[in-house]
Every structure is written in structure tokens, then in C-alpha cells.
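Please read them with the structure open.

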Amino acid sequence: MKTIHKFTVVPSLPERLNRLRDIAMNLWWSWEPQAIQLFFRLGREVWEETHQNPIRLLGEVSQSRLAHLAEDETFLAHMDRVLDRLDSYMGATTWFQSACGGDETIRIAYFSAEYGITDGLPIYSGGLGILAGDHLKSASDLGLPLVAVGLLYRQGYFRQYLNADGWQQQMYPENDFYNMPIEQIMGEDGQPLTITVDCPHPVLARVWRAQVGRIPLYLLDANLSANAPADREITARLYGGDKEMRIRQEILLGIGGYRTLTALGIEPTICHVNEGHAAFLTIERARCLRERANMSVPEALEMVKAGTIFTTHTPVPAGHDVFSEELIDKYLGGHLTALGISRDELLALGRKPSDGKSSNFNMTMLAMRLAAQTNGVSVLHGEVSRQMMNDLYPDFPVDEVPISSITNGVHIRSWISFDLAELHERYLGPRWVSQPGDLTIWERVDNIPDTELWRTHERRRERLVVFARERLAQQLHARGMTATEVAIADEVLDPEALTIGFARRFATYKRGTLLFRDPERLARILRDAKRPVQIIFAGKAHPADNAGKEFIRQIIHHCRTETFRHHIVFLEDYDMNVARYILQGVDVWLNNPQRKQEASGTSGMKATANGALNMSIPDGWWCEGFDGENGWNIGQGEDYDDHEYQDRVESEDIYEMLENEIIPMFYNRGPDGLPREWIQRMKHAMRTICPVFNTNRMVQEYTELHYLPLAARLREFQTDEFARVRGLSAWKQAVRQGWGKIRVLKVEADTVEAISVGGQLPITAQVHLGELSPEDVAVEIFFGQTDHLGQVPAGRPVRMAHVEDLGNGDHIFRGALVPEVTGRHGFSIRILPDHRDLVSCTEMAMVIWS
């Protein structure tokens, strides 16, 4: 290869337009309508062609056009207004400052494998990345002291196109980082900052930064000439390659990401692990603590745990990253010496207890073991996760597995149409932007005149139809169709027809083809001349998911039939831009996954923010969002073992709701042509869903429930040269050593056949604690109603008091249970470790039952 001398060409802006680059380089513009409209004025077609990338836009607009704009008073006034808004935003007093005291000692580091912030930075694949992007946007709005870490993928996820048969194909265009709204971080020597990770040999990565409002997002790029060709591929594709590529990516994200923060002089108080991909950061953080604070391995791991939050997004075991022992040996073996940990000790951190020593290394297990708080992303997902992770706490009731839930949300301003945003500004007031969680603000939705709301919604549906026709024509042309066949695109869809949207990742559990279970019945619904209905599909299947690709192929073949040709469209290459058009223009948002397979889902939240109504399986967030009047439930939350039967029952439920309720309500028009009942349901949906299911509320919950309490606890651990964490670690070791001697010797209770509700049943327990003291344990009565097996599946604990030391390690504890409901009850005595610095008594996963 010839020696290439590299240099960077940047846009040449007239002096008066220089600050356009300031706007372009802060991704705040992606949720500021006036900024987006400013870029429109530079050239709408170029803006779309560059996938809404303002840096490329500035480079592709002609110099004559720029010179003209530098003299255009209206453009300059518009630019100055946007700059004023940006400067005001960056300098404003924030929620964190006013409500949380603006504690400057706190620094939160958020780690995620993907971020969906804007189309111009394509480093996301789907819901996880979109959620991470919205998390950063709301963290910026709220003023959190947060930094984010991820990987900068040279080819992103993939661009989708379909062949003549409708089979998904993948393209991997190269991202030109120098033409994107990111910048390289320079070191003190004036050269690009790089970090090194062993993978298993040293691999270099340079550091880039994307500015997301007030939040810096640091991205690692391994495509350096100093690396071997195989190592340069580590950051080539998101979720690409085999297991070996995946573990290398996750080592770079976790270990390399934490080293990046260290190189930047950032020492995070709290590390938030968004899904298990970044869990290796806990290993690096422990190594740093060992090195800086002269800690033992158990002490360092205890300190790491105290400052780590883990959010799991996966409701099925198959979704967790699992690596073989051979891969762990190969890629993490070199880290053992630096950490001072044995191979077996490392492997034990990622093993499921029920699998013994022969299991693979599970990243979710690692993250849970080294996190003080673990949460699911909806109430139902929390329940599912507790069941799934009961392996870690095998002797505890499922309800006591320490996984909480913080339900996901969306950054409403990023997803709402400009038209509807203007209505909100007029009738809700400006605080809907800064305080989207305020219920009183959304009650003002009723102030929007029905006529204005409906006409605004109709305009968005018309724009969606225009967009879909143009997109379909491009798709047909790309597939090599004839001019006659391409011309059919101008005839599809009706801008006045009831429009249903189904756009999401094409995993089979999401059942993208469920609507086609009875094609003849579906045809009668869609082709009703007086009450037509149409469906717009979009979504990508994972490149290795042939079953998902087959679902797409089937839909394409249905679209080609004369029956459905004008009523069903599949839009290729689903991305944030396509999502916005669909979400902002449909009337009904369809979501029909197999129940308990969807952790949360957020697309329905975005649809409601734009006035669409959800028709959904009661899964994920919808179990909390549905109130009986703000959308429609498919089924009543039944669980099925026979999926074929489930598909039949639930598809029929969809058809019946469409035929008997949804379609009649949509087409029931008054003399003024307005569907008044439908509009009232739209308003009710926005009023009940928008103030709850937004990321401002979500991030506030993370802050109040996790970030601030853990930061306060960590500060206490750091005092007196980490005396408390060293004491906690030593205490845990002593408890583990003495735990095998603990047992319940005798239980005495008043022998009565029945007691009244609210009555007391005194209980005495004699226990043997060996060398442990009564202060080391909690002795509890665990009681509740019994099931058909005579067990107590969902009881509650009552702590017993220590009343006597009998000597030789024997002790007497007394307490009383007070039943609150009638029926057959039972109780048992249990002993758990207890210490003031434990997050909970279940933390050590140790319990002795009578």
C-alpha cells in the first residue's frame, strides 16, 4: 500500500455564518424545530440526501449559495434566533440544579453499545439505541452531570433493501466520521487521544466526542492503521460478526470505555450499565481501585458494586450475551494478573449457580452481581426478570429477587411533528417542553379545538401517504421493475383512509404477519369502499434471522397481489426518519408480540404523542398505560403454551375490534365531518400517556431512586480511606465462613386452630448462630396464604427481636405475625445476613429456612 498523507477538508463558511457550525456540532439541534428548519433553508433536498447530517450539508451547499445566505436578512435573523435559543439552553438553570442541589461531586457515566440520537449519526439498530439516545436528551434537558460512552461503528448497523423476491439484503456503507457532527479528542501532546486494551494483544482506539446538548458522548474507534486488519474490524459493524467479535467489542466498550474516562480525567461516581454489553467495565473499575487505593479484590469489587446500576432490557434468556470459557480465557486471561483474581473467581462472577462449574460466562450475571441496583424497563418486565434471574437467588421467593423496574419513556420533543408541537405551544403553553411530566399541563389538551387537532392530524397522514408513495417508487425502481410497475406507487394508499402502522424490528416474536392469518377477512376489512383501511409496514430483521426475513418476504408477496396492492405498503430501510413519518401520520399503532417477550417497547408512546391510538397486546409498557379508554387491548393478558392457538385467537380479536369498534368509530362523522368520539379518545390518550411515558420522568426516577442514593452511599464508603467498604468486605467474608453452622433449632407458636384478622400469633425461635452475633443476622417470620402444595408463594417477612443469649452460639428470638386477610395461612422462620451497608438482606443470596 502506498503511503498516504492525510488531511481534512472542512466547509468554508462566510464569517457571518461561522456559528452555523456551532449549531451543527451540538446535537441539541435534533430536538429543536427551529434549528431543523434552519437547515431546511440551506437546501431541503440536500438535507434529506445527507440523512439529516448538518456537517455534510454545510460541505455540499455551494459557496455561491452560502454567500447569498450570508446577505439574506431573513436567514440571518433565523440563525440568530436559533443561536440565542442554543445559548439560552446551555446556560439555563436546570432541574438537577434546582431540585437536587446541583451536587458537583456527582458524575454519572452511562455505557451503551448503541445510541439513536439522529439519522446523521447512524450508530443504532433499534429500540435499545433509541432509548439510550432519548436518555441522553432528557439528561441534557434536566441538567444531569452525566457523560456517555459507546463505540463508533464505521459501517453502523446496516442499510436494508429487498430483492425481487422480497428477501432482505444488507448494505454496509462506510460512515465518514470527518463529515459527521462529531470531533476527535486531542491529547495533551496535540495528537488524537488514544487508549489501549488487551484483546488479547494490545489494540488501540481513538476517542471521538458527540455533544448531545449538555451531555458529552465519547465514542471509541478502532479503525487505526497501527492496528492489525482484524482489530480494525472491531468497530466496523454494530452486532456484526461471531461470538469472538462480540466479546472483543464488549471488552473495548467496557474496559476501553472506562479507560477513556480515566484518560480524560473523569472519575465517575456512578456507572450505569445499559444492558449487559458494557459489563466488563466493572472488571476495569475494580482494577483501578486496587491500583489507586491498595484494596483487596473483595474490597474493590464491593466498591464497584456500590457505584454501579444495571438496566436489563431482555425478557428471554436467549437475549443475554453468553461466552464460552475458552473465549473468556483467551480474551480476559491477561487481565487476571492485573486484577489479582483467579480464573475460577472470574468465571464465578458470570456463571449461573444452577449450572455449576461447566456453564458459560453470562454478561447479565456479571452485571447483576456487581451492581447495587438492577432494574427492568417496565413493571411486567421486572416481574419476568425476577423469574428469569431466580437462579441467582434460588432459596428466595421470586418476588424478593432484587430487580426493580423503571418503565421506559420517550423524548417527546424528538418525535412529535412540528405541526402538533405548534398546537401544543399555543394551547398547552411552553412548559410542555421543559416539564413534560406535569399532569396539569397535559390536561390542557382538552383546550385544543377538535377541528384544529383533526386537521393537523389529517395533514400528517397526507404527508405520510406522499412520503410512502415516493419511497415505494424508489424501492420498485431499485428492484428493476418496469416503468408501468413503478407508476403503480402513485396509486397506493388513500390520504383519507384509516391508516394502521406496524413498524419495528422484524423478530418473529413480534408477529409481523399475524394480520394475514385470515387473508380473506383482512381483504374485506381493507377493501370496504365506504370505510377503507390501509396498513403501512416497516422494519429490519437481524442479518442472521432468516425467519424474520421470511416474514418480510411474505408481506411483500401480499403487497403485490391485486387484493392488497393499494392498501398495504412495506417501506424499506426503516430508520429514525421513516419512523417519524409513520408515527406522525398513522391513526392506529399496532403492536402484537407474544406476551412477555416485549420488555417495554416505546414506539407506541411516540405514536400517542402524535395523536395515534394504540391497539396492543397487554405487554411491556402497555400493561401500565392502558386504562380502558385510551386505546385497545388485544386479549386480556392470557398466556398460551400453544402458539398456533394463540395466533388464531388473537388475530380474530384484532379483526373483531377493527370491524366492530375501531373502524365504525373512525368513520362516524358528524355534520362537520369530524369523528368527535375518535378525537376525544385521541385527547384522552395524550392526556393520560404523554405525562407518564416520557424520558424526563424516567431519568428523574433514575436520579431520585438510584443515582443520588447510591452516590450518597458511595461518598460514605470513601471516607476514612474506605474504612466502611473494607469493613463490609471483611464482614461478608466472616459471614460466608460461618454460614454453614447456622440453623433453626426450634420454633414455638401458640397452638390455635384459627385467629381473627388483625389478631396476633406470637412466635418464638431458638437458633444457632455459631460464631456470628445476633447483630450479623435478621431472623424473620415469613408468612402468608398457602397454595395447593401447602407452600407460601407470596408471603411477607416480619422481623423478630433478639431476647436472650443462651450461650454456645444459641439465641432466642421472638415476634408475632398479624394476618390481614382470611384463609389458610402458613409461616416459616428464616435467617438472613444483616448489615447496615447491605443494599438489602437478599444481596448475598444467602438464607436459612426452618
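The points below go through a helix, the cores, a set of strands, some backbone details and the cysteines.

1. Ground rules. This is a predicted model, in which local features need pLDDT of at least 70 and side-chain atom pairs count only at pLDDT 80 or more, while totals for chains, interfaces and linings use all residues. Residues are numbered from 1 along each chain as its sequence is written, and side-chain values use heavy atoms, with hydrogens and water left out.

2. Helix H24. Helices (H or I, at least four residues) and strands (E, at least two) are DSSP runs, numbered from the N terminus. H24 covers residues 546–560, 15 residues in total. From first C-alpha to last it reaches 21 Å, close to the 21 Å expected at 1.5 Å a residue. That expected span is 1.5 Å times one less than the number of residues.

3. The covered face of H24. Buried means under 20% relative accessible area, exposed over 50%, and partly exposed in between (1.4 Å probe, protein chains only). The buried residues of H24 are Gly548, Lys549, Phe551, Ile552, Ile555, Ile556 and Cys559. Seen down the helix axis, they fall within an arc of 150 degrees, so they line one face of H24. The arc is taken from the directions from the helix axis to the C-beta atoms. What do these buried residues pack against? Their partners are strands E3 (159–162), E4 (168–171), E16 (533–538) and E17 (568–571). Contact here means heavy atoms within 4.5 Å.

4. Thr508 sits in the loop between E15 and helix H23 (519–526). At 35% relative accessibility, Thr508 counts as partly exposed. Leaving out residues up to four places away in sequence, Thr508 touches Asp545, Ala547, Gly548 and Phe551. Thr508 and Glu550 are 42 residues apart in sequence, yet 9.3 Å apart in space, C-alpha to C-alpha.

5. Nonpolar cores. A nonpolar core is a set of buried Ala, Val, Leu, Ile, Met, Phe, Trp, Tyr and Cys residues joined through side-chain atoms within 4.5 Å. The largest has 178 residues, and Ile23, Leu136, Leu144 and Phe280 have the most contacts inside it. Which helix gives the most to this core? Helix H30 (residues 695–738) does, with 13 residues. Apart from this core lies another, of 99 residues, including Leu526, Leu658, Phe666 and Phe693.

6. Around Leu136. Setting aside neighbours within four places in sequence, Leu136 is in contact with Tyr110, Tyr115, Ile117, Leu146, Ala148, Val212, Ile215 and Leu217.

7. Strand E7 and its partners. E7 (residues 202–212) is mostly covered, with eight of its eleven residues buried. Two strands pair if DSSP finds at least two bridges between them. Arg209 of E7 is the bridge partner of Glu183, and Tyr218 in E8 is the bridge partner of Arg209.

8. Turns on either side of E7. E6 and E7 form a hairpin with three residues between them. Pro200 lies in that loop. The peptide bond from Cys199 to Pro200 is cis, with omega near -10 degrees. The hairpin of E7 and E8 has two residues between the strands, and Gly213 there takes a positive phi near 65 degrees.

9. Please look at two residues. Leu493 has phi near 65 degrees and lies in the loop between helix H22 (483–487) and strand E15 (498–503). At 5% relative accessibility, Leu493 counts as buried. Phe722 also has phi near 65 degrees, but is found in helix H30. At 17% relative accessibility, Phe722 counts as buried.

10. Cysteines. How many disulfides does a search of the whole structure find? Zero, where a disulfide is a pair of cysteine sulfur atoms within 2.5 Å. For Cys288, the nearest cysteine sulfur is that of Cys271, 10 Å away. Cys288 is buried, at 5% relative accessibility. For Cys690, the nearest cysteine sulfur is that of Cys623, 19 Å away. Cys690 is buried too, at 1% relative accessibility.
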